[in-house]
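Thank you for making time for this one. Please have a look at the sequence and the structure, and then I will walk you through a few parts.

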Amino acid sequence: MKKFLRNSGWTILALLVLGLAGFLIWASTPAEPQPEALQSLNDTPEVNFETTNGWLIFTPANTAPATGLILYPGGRVNPRAYAPQAQAIAAGGFKVVIVPMPLNFAFLGANRAFQVKAGFPEIAHWSVGGHSLGGAMAAEFAKNHSQTIDGLVLWASYPAENTDLSLLDIAVISIYATNDGLASPEEVLSAQPRLPADTLFVGIPGGNHAGFGSYGAQAGDGELEIEKSEQQSQVVEATLGFLFALEEE
């Protein structure tokens with residue numbers, strides 16, 4: 001019996017090790033950026049691009065921004081997949097920092113916004129946001145550190161059921177897509193009681209979940225009925241409007 005139990009213990013341990021190894025391999029192979037995203041990882045006449053501490057940093061070339069946006073990537077998505085939107089937002093006059101996450105999951109690095117804020121003391125006003133899981137973890141950061149940020153930007157995302165932001169004094173925008181198969185409009189809008197009463201909800205007709213980034217199709221998603229570039233343009237336009245309004249307050 002002792003030998004049986006000992007062998008069973010080793011079998012269970014081996015299965016756990018194999019399971020962990022499988023997870024690590026899976027988590028370390030995120031959805032990769034498409035060509036248009038890679039093309040945005042460069043300087044332009046309007047935007048300077050650099051990397052520091054693994055951060056992807058987009059800064060207006062012709063002005064000194066006072067407001068910044070920290071973006072958390074979606075779960076198991078390469079952060080470079082959001083470069084086109086970050087570059088376009090920076091061209092509007094705002095510093096944008098995309099933050100890579102441990103094993104490509106934002107729940108393992110929800111407080112990384114602290115490090116970004118400390119790295120750019122010249123930025124007076126910060127919003128934190130993200131796509132999908134990244135947005136949920138940005139909401140978690142906002143809940144715990146609302147005094148350190150001015151706004152929350154949710155792309156195809158919503159706060160977890162135990163994350164109540166409704167009484168916080170921060171501005172929030174929630175941008176969703178009508179054909180999203182992973183964060184449906186119903187799920188996004190049902191989170192409204194957990195958000196401040198003046199939260200701005202912006203729907204993108206015909207958009208889907210993967211259309212918020214440039215990393216290809218995603219299992220379980222709805223059909224994209226508009227051009228991906230059009231969806232991303234609407235995301236950028238809504239986000240810029242939100243950031244401009246914050247600067248005017």
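How many helices and strands does the protein chain have? The protein chain has seven helices and eight strands, where helices (H or I, at least four residues) and strands (E, at least two) are DSSP runs, numbered from the N terminus. This is a predicted model, in which local features need pLDDT of at least 70 and side-chain atom pairs count only at pLDDT 80 or more, while totals for chains, interfaces and linings use all residues. Residues are numbered from 1 along each chain as its sequence is written, and side-chain values use heavy atoms, with hydrogens and water left out.

Of the 249 residues in the protein chain, 49% are buried, and buried here means under 20% relative accessible area, with a 1.4 Å probe and protein chains only.

Two loops remain. S146, in the loop between α5 (133-144) and β6 (151-155), is buried, because its relative accessible area is 14%. Leaving aside residues up to four places away in sequence, S146 touches L168 and I170, a contact being heavy atoms within 4.5 Å.

E122 sits in the loop between α4 (113-119) and β5 (125-131). Although E122 and A66 are 56 residues apart in sequence, they are 6.9 Å apart in space, C-alpha to C-alpha.

Terms used. Buried means under 20% relative accessible area, exposed over 50%, partly exposed in between (1.4 Å probe, protein chains only).
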